[in-house]
Amino acid sequence: MSNSEFQKVIIRPVDEYNQRLISYVHPPDWINPRPVDCYDLVVIGAGTAGLVVAAGAAGLGLGLKVALIEKHLMGGDCLNVGCVPSKCVIRSARVVGEMWNARNFGVNIPQHIDVDFPAVMERMRKLRAGISHHDSAERFQKLGVDVFLGKASFASNDTVIVGDKTLHFKKAVIATGARAARLSVPGIEEAGYLTNETVFSLTQRPQRLAVIGGGPIGCELAQAFRRLGCEVVLFHRGSHILNKEDVDAAEIVQNVFLQEGIRLVLNCQMQRVEKTSDGKKLYFSCNGREDSVTVDEILAGAGRVPNVEGLALETVGVEYDQQRGVMVNDYLQTTNPRIYAAGDICMNWKFTHAADAAARIVIKNTLFSPFGLGRYKLSNLVMPWVTYTDPEIAHVGMYEQQAQEKGIDVNMIKIPFSSVDRAIADGEEDGFVKILHKKESDQIIGATIVARHAGEMISEVTTAIVHKIGLSKMSSVIHPYPTQAEGIKKAADAYRRTLLTPKTKRFLGLLTKLS
């Protein structure tokens with residue numbers, strides 16, 4: 001592949017920060033190395049899963065030959081168009097949210113808050129570029145990985161073609177990720193719309209923004225852009241936003257959205273989109289009533305589809321589905337035993353940390369299982385996740401309905417933050433800690449936390465589930481006072497109180513009177 005093909009990679013706007021980003025994640029002067037005779041592992045895709053597999057395998061100190069192939073940007077969605085840029089923008093938006101609420105804390109600020117939208121986006125680009133060296137082609141080359149930039153496709157059961165290079169392998173890993181789903185609404189392609197892959201290229205604030213999809217991506221960005229000064233209308237097919245989350249949790253976030261001036265159009269069916277002189281006009285029906293709204297930009301947050309095209313998977317007998325992605329077993333092995341997959345390309349969990357965890361399983365199963373060192377299963381993972389609205393929704397384990405479907409009898413303990421002193425002091429009483437445990441047992445089955453920093457709190461419960469630490473032992477853990485994490489201890493204490501027998505309660509009552 002010639003250098004001229006690399007120069008076609010452009011990230012807009014073309015400023016110093018995006019130029020620095022490209023210099024790390026797709027350097028225009030990169031020259032693909034000469035392939036070795038045979039690689040122990042060839043990894044296709046340099047998103048989170050691919051990076052972790054390649055770095056992990058090369059760093060074992062076993063002298064393994066590892067190749068990593070990326071056709072676009074090293075770092076994948078997370079660095080370039082996902083976690084990193086979105087959280088930078090959300091952080092700026094949270095400052096606005098604090099200012100909106102400042103009067104409740106005795107702090108008077110001007111009624112009009114001047115948001116410098118271009119500066120917000122420039123800050124995001126600067127921070128993204130600053131982080132990008134961790135995922136750079138040069139860094140992975142120094143780790144001992146042969147990095148190839150270009151499109152990859154399987155040529156035979158043991159070869160991959162990249163440009164004019166042929167790579168032979170013993171094992172291969174598909175980690176090509178997923179992309180934003182295209183919308184099938186008539187007229188929307190002609191009108192044009194944004195996805196997570198293009199929204200972070202904005203330099204000017206759209207005054208009116210329509211967001212299609214009330215899942216995590218749509219909700220996170222709808223709230224962020226509303227706080228940054230956009231008039232936002234959020235369209236969702238369900239009867240409430242975040243309908244895959246705990247109902248109580250989703251209701252709290254939905255009420256916050258309404259309070260902040262986001263227009264919610266629920267039970268909605270999009271009809272068509274027209275480009276007019278006044279903007280982009282969306283026609284829709286809601287509960288049988290037809291209506292329309294005109295906006296400056298449309299942001300689609302309605303799901304993701306796997307990147308299976310162009311890999312010639314049929315050539316090597318790897319089964320796949322256009323919607324579900326590459327088919328794998330519990331060991332992340334495809335229908336070709338020499339080829340594995342990890343990350344968004346094959347998993348329902350489409351999170352960066354899930355891709356990281358799956359990549360570690362792939363390393364063990366591709367390199368160590370032939371030596372009788374065990375096989376590691378995807379189903380053994382305990383996976384937390386967070387929706388980064390304000391407040392955040394963090395969850396791990398099962399929901400109550402899932403436990404019922406599996407025939408597991410559970411009890412639920414719910415601690416509202418209105419009973420947690422630090423949350424009261426912070427003015428954040430609307431959230432809660434909800435923990436499910438097996439009936440007549442302290443074994444934790446699942447948990448949901450709604451709080452401004454719920455994502456920072458959920459790991460305590462995740463650790464307890466992974467290491468089989470029950471509520472009884474969690475009750476004995478001292479939590480600093482005052483912290484919102486004390487809500488977790490309160491839940492554990494609530495369980496301990498259920499263990500008190502009537503006789504014990506009478507005895508404790510007698511002691512209290514005597515004291």
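Colleague: Are Tyr 39 and Phe 148 buried or exposed?

Modeller: A residue is buried under 20% relative accessible area, exposed over 50%, and partly exposed in between, with a 1.4 Å probe and protein chains only. Both Tyr 39 and Phe 148 are buried. This is a predicted model, in which local features need pLDDT of at least 70 and side-chain atom pairs count only at pLDDT 80 or more, while totals for chains, interfaces and linings use all residues. Residues are numbered from 1 along each chain as its sequence is written, and side-chain values use heavy atoms, leaving out hydrogens and water.

Colleague: How many aromatic pairs are there?

Modeller: A pair of aromatic rings is described by the distance of the centres and the angle of the planes. Rings of Phe, Tyr and Trp (its six-membered ring) pair if their centres lie within 6.5 Å; planes under 30 degrees apart are stacked, over 60 edge-to-face, and the rest tilted. The count by this rule is 6 aromatic pairs. One of them is edge-to-face because the ring centres of Tyr 39 and Phe 148 are 6.4 Å apart and the planes stand at 90°. Tyr 39 belongs to strand β1 (residues 39-44) and Phe 148 to strand β3 (residues 145-149), so this pair ties together parts 109 residues apart in sequence. Strands (E, at least two residues) and helices (H or I, at least four) are DSSP runs, numbered from the N terminus.

Colleague: Why is the pair of Phe 235 and Phe 284 edge-to-face?

Modeller: The planes of Phe 235 and Phe 284 meet at 65° with the centres 5.0 Å apart, so the pair is edge-to-face. Phe 235 sits in strand β9 (residues 231-235) and Phe 284 in strand β12 (residues 279-286), so parts 49 residues apart in sequence are tied together. Phe 235 is buried at a relative accessible area of 1%, and Phe 284 is buried at 2%. Elsewhere, ring pairs link Phe 351, Trp 385 and Tyr 399 into a cluster.

Colleague: How many salt bridges are there?

Modeller: A salt bridge is a side-chain nitrogen of Lys or Arg within 4 Å of a carboxyl oxygen of Asp or Glu. That rule gives 25 salt bridges. In one of them, the side chains of Arg 227 and Asp 390 meet at 2.9 Å, N to O. Arg 227 is in helix α9 (residues 216-227) and Asp 390 in the loop between β19 (385-387) and β20 (392-397), so to speak distant parts of the chain, 163 residues apart. Both Arg 227 and Asp 390 are buried.

Colleague: Which residue forms a salt bridge with Asp 248?

Modeller: Lys 414 does, with the closest N and O atoms 3.4 Å apart. Lys 414 lies in strand β21 (residues 410-416) and Asp 248 in helix α10 (residues 247-259), 166 residues apart. Lys 414 is partly exposed at 35% relative accessibility, and Asp 248 is partly exposed at 29%.

Colleague: Where do Arg 360 and Asp 356 lie?

Modeller: Both lie in helix α11 (residues 352-367), 4 residues apart, about one turn of the helix. Arg 360 and Asp 356 form a salt bridge whose closest N and O atoms are 2.5 Å apart. Arg 360 counts as partly exposed at 46% relative accessibility, as does Asp 356 at 22%.
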